[in-house]
Structure formats: C-alpha cells, structure tokens
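Hi,

Here is the structure I promised to pass on.

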Amino acid sequence: MRGRLNPYHRRPLVAAIRRNPHGGINPNPPPSMNSLAIAASSRPAYSNSTTNMAVKTVKVSIKGTVQGVFYRDWTVQNARELGLKGWVRNRWDGSVEALFSGEPDSVEEMERRCRRGPLSAMVTALNVYPADNEDPGRSFERRPTV
C-alpha cells in the first residue's frame, strides 16, 4: 500500500478506514464508506466470478527465434498483466508452447501480442488450438523445457 508513512509505526496511513482500539473496524465509518458497507453486506459472502463469465482456453505454439530472447519471461509478464491463467515453456525443437485461459478478449489480445513477441524475438509462425479440457492452474507460470 502506498501513501504517507506514519513516523511512529512505519506503516502507511489509511484515512478511509478507522479501527477501534480492540482491533475491529469502527462500527461508524465515515459517510463515504457507508455506501460501500451497504453494498458489501447485500452481496453473498463468497461468489466465484469465473462461473459467471465466459472462459476461453487455448494452446499456442510459437516458432521462430523465440528461445534465448526472454520470450517466456515476456509472456509471463504480459499474461499476468491481462489477468490470464496458464503456463509457458520451451520445447526441445526450438519453439515455445503456452496455454492461455481467461476472458475471451484477454486471450485474443495475448494471441496478438505473441505474434510480435519481445523486441529481440522473430516470430515466424503462431498456431492456436482450442484446449478446453486442460487445467490452466491458479495463476500464470513459467514451466521447464519439454
């Protein structure tokens, strides 16, 4: 959390939430927080947002000068930026393989980005296959070479 540091506690100051001395949140928050408290109390305690949205999962094979040019690290950074789940790995044949899963627009944007790749890469081919039965995991990760 960024903000001014409290010189006595070396922690960021948070003005919007007032805590009582016993560790709980003040039952009388500032007026601007009342609407947030009402909105939060009207929602169920747990909701899985991924069940309500469409999820697209694809496996991508990228060929060209894509190893030794930080293509995997670039892919991890871009996929996390777009909120995707999945993985990326090098293959022994010199290509890079990736699994992207998330909102269809984000997956398609990642496909577009992979066609260009990082500045030092030269992509000659990008093949996209549907992969609805593959588990993307909980986040986006870099996997070892296969």
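Helix 2 and helix 3 (residues 104–116) pack with their axes 11 Å apart and at an angle of about 155°. The axes are lines fitted to C-alpha atoms, for helices over the stretch in contact, and the angles run from 0 to 180 degrees between N-to-C directions. Helix 2 and helix 3 are therefore roughly antiparallel to each other (angles over 145 degrees count as that). Their crossing is right-handed, i.e. the near helix is turned clockwise from the far one by less than a right angle. On the helix 2 side, Y71, W74, T75, N78, A79 and E81 meet M110, R113 and C114 in helix 3, where contact means heavy atoms within 4.5 Å.

Before you go further: this is a predicted model, so local features need pLDDT of at least 70, side-chain atom pairs count only at pLDDT 80 or more, and totals for chains, interfaces and linings use all residues. Residues are numbered from 1 along each chain as its sequence is written, and side-chain values use heavy atoms, with hydrogens and water left out.

On confidence, pLDDT (the predictor's confidence in each residue, from 0 to 100) averages 78 over the protein, and 64% of the residues score at least 70. Two stretches to treat with care: pLDDT stays under 50 over residues 13–18, for which the model has 11 contacts beyond four places in sequence. It also stays under 50 over residues 32–50, with 5 such contacts in the model.

As for the overall layout, the protein has 3 helices and 5 strands, running α-β-α-β-β-α-β-β from the N terminus on. These are DSSP runs numbered from the N terminus, with helices being H or I of at least four residues and strands E of at least two. Of the 146 residues, 30% count as buried (under 20% relative accessible area; exposed is over 50%, partly exposed is in between, with a 1.4 Å probe and protein chains only). Among contacts with a separation of 6 or more, 72% are between residues 24 or more positions apart. The accessible surface comes to about 10,400 Å², and 51% of that belongs to carbon and sulfur atoms; the areas come from the Shrake-Rupley method with a 1.4 Å probe.

Now a few individual residues. Back in helix 3 you'll find S106, which is buried, with a relative accessible area of 14%. Not counting residues up to four places away in sequence, S106 touches L82 and L84.

F70 sits in the loop between strand 1 (56–65) and helix 2 (71–81). Its phi is near 65°, a positive value in a residue other than glycine. Most residues other than glycine have a negative phi. F70 is also exposed, at 63% relative accessible area.

N127 lies in strand 4 (residues 122–130) and is partly exposed, with a relative accessible area of 29%. What does N127 touch, not counting residues up to four places away in sequence? K59, V60 and S61. The C-alpha atoms of N127 and V60 are separated by 5.6 Å, although the two are 67 residues apart along the chain.

Finally, V146 is in the segment after strand 5 (140–142), partly exposed at 37% relative accessible area. Leaving aside neighbours within four places in sequence, V146 is in contact with R89, N90, R91 and W92.

Cheers

Definitions and conventions
Parallel < 35°, antiparallel > 145°, perpendicular 65-115°, else oblique.
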